[in-house]
Amino acid sequence: MTYEFYKILHIVAIFVLLSVSAIIYMMAGRRDIVFSGRSRFMGILGVCLILILVSGFGMLARLGLTTTMPLWVIGKIVIWLTIGILPAFARRFQRYAYSIWFMTLVLASFAVALAIYHPS
């Protein structure tokens, strides 16, 4: 598969991940309603996380960065793991769901900056 395919898959999966996580955080922050579709959205979130990981490593393979992993890639993996864990914290600490959503946006923005500037 081409680099462009991996890049489009990566960007679409990130867009869906942020959209679904916004729904999860909004519903976690509301105590007056029962959120019955949470497991469905968590499944979509998991699929998006896997697609982001696979497409990211596909792009690295197309760039020829398979032998050594640059520091910015390790940073993006740490951010990916953190964004994957945050919905569980939103469920546990419902009072801070909106703050956790803001933290997700900040982490995603930092991941974009790492991808664009490739700091060494």
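**Exercise 1. How do α2 and α3 pack, at what angle and with their axes how far apart?**

Solution. Start with the two numbers: α2 and α3 pack at an angle of about 180°, and their axes are 12 Å apart. Here an axis is a line fitted to C-alpha atoms, for helices over the stretch in contact, and angles run from 0 to 180 degrees between N-to-C directions. The helices themselves are DSSP runs (H or I, at least four residues; strands are E, at least two), numbered from the N terminus.

Under 35 degrees counts as roughly parallel, over 145 as roughly antiparallel, 65 to 115 as roughly perpendicular, and the rest as oblique. α2 and α3 are therefore roughly antiparallel to each other.

Now list who touches whom, where contact means heavy atoms within 4.5 Å. From α2 come R38, M42, L45, L49, I52, L53, F57 and L60, and from α3 come W72, V73, I77, W80, G84, P87 and R91. Sorted by class, that contact holds 12 nonpolar, 1 polar and 2 charged residues. For the sorting, Ala, Val, Leu, Ile, Met, Phe, Trp, Tyr, Cys and Pro are nonpolar, Asp, Glu, Lys and Arg are charged, and the others, Gly among them, are polar.

A word on what you're looking at: this is a predicted model, where local features need pLDDT of at least 70 and side-chain atom pairs count only at pLDDT 80 or more, while totals for chains, interfaces and linings use all residues. Residues are numbered from 1 along each chain as its sequence is written, and side-chain values use heavy atoms, with hydrogens and water left out.

**Exercise 2. How many helices and how many strands does the chain have?**

Solution. Count them up: 4 helices and 0 strands. Walk along the sequence and the pattern reads α-α-α-α. The C-alpha atoms fill a box of roughly 50 × 30 × 20 Å, taken along the principal axes. Finally, take the contacts with a separation of 6 or more: 75% of them join residues 24 or more positions apart.

**Exercise 3. Which residues of the largest nonpolar core touch the most other members?**

Solution. First, the term: a nonpolar core is a set of buried Ala, Val, Leu, Ile, Met, Phe, Trp, Tyr and Cys residues joined through side-chain atoms within 4.5 Å. Buried means under 20% relative accessible area, exposed over 50%, and partly exposed in between (1.4 Å probe, protein chains only).

The largest core has 24 residues, and L17, I79, I83 and A90 touch the most other members. α1 (3-29), α2 (38-63), α3 (71-92) and α4 (97-117) each supply at least two of its residues. The largest share, 7 residues, comes from α1.

Zoom in on L17. Leaving aside neighbours within four places in sequence, L17 is in contact with L45, C48, L49, I52 and I83.

**Exercise 4. Is Y25 buried or exposed, and which residues does Y25 contact?**

Solution. Find Y25 in helix α1. With a relative accessible area of 1%, Y25 is buried. Skipping neighbours within four places in sequence, Y25 is in contact with L86, P87, A90, A97, I100, W101 and T104.

Now check some distances. Y25 and A97 are 72 residues apart along the chain, yet their C-alpha atoms are separated by 5.4 Å. I100 and Y25 are 75 residues apart in sequence and 7.7 Å apart in space, C-alpha to C-alpha. I100 sits in helix α4 and, at 7% relative accessibility, counts as buried.

**Exercise 5. Where is S21, and which residues does S21 touch?**

Solution. S21 lies in helix α1 and is buried, at 2% relative accessible area. Not counting residues up to four places away in sequence, S21 touches L45, W101 and T104. S21 and L45 are 24 residues apart in sequence, with 7.1 Å between their C-alpha atoms.
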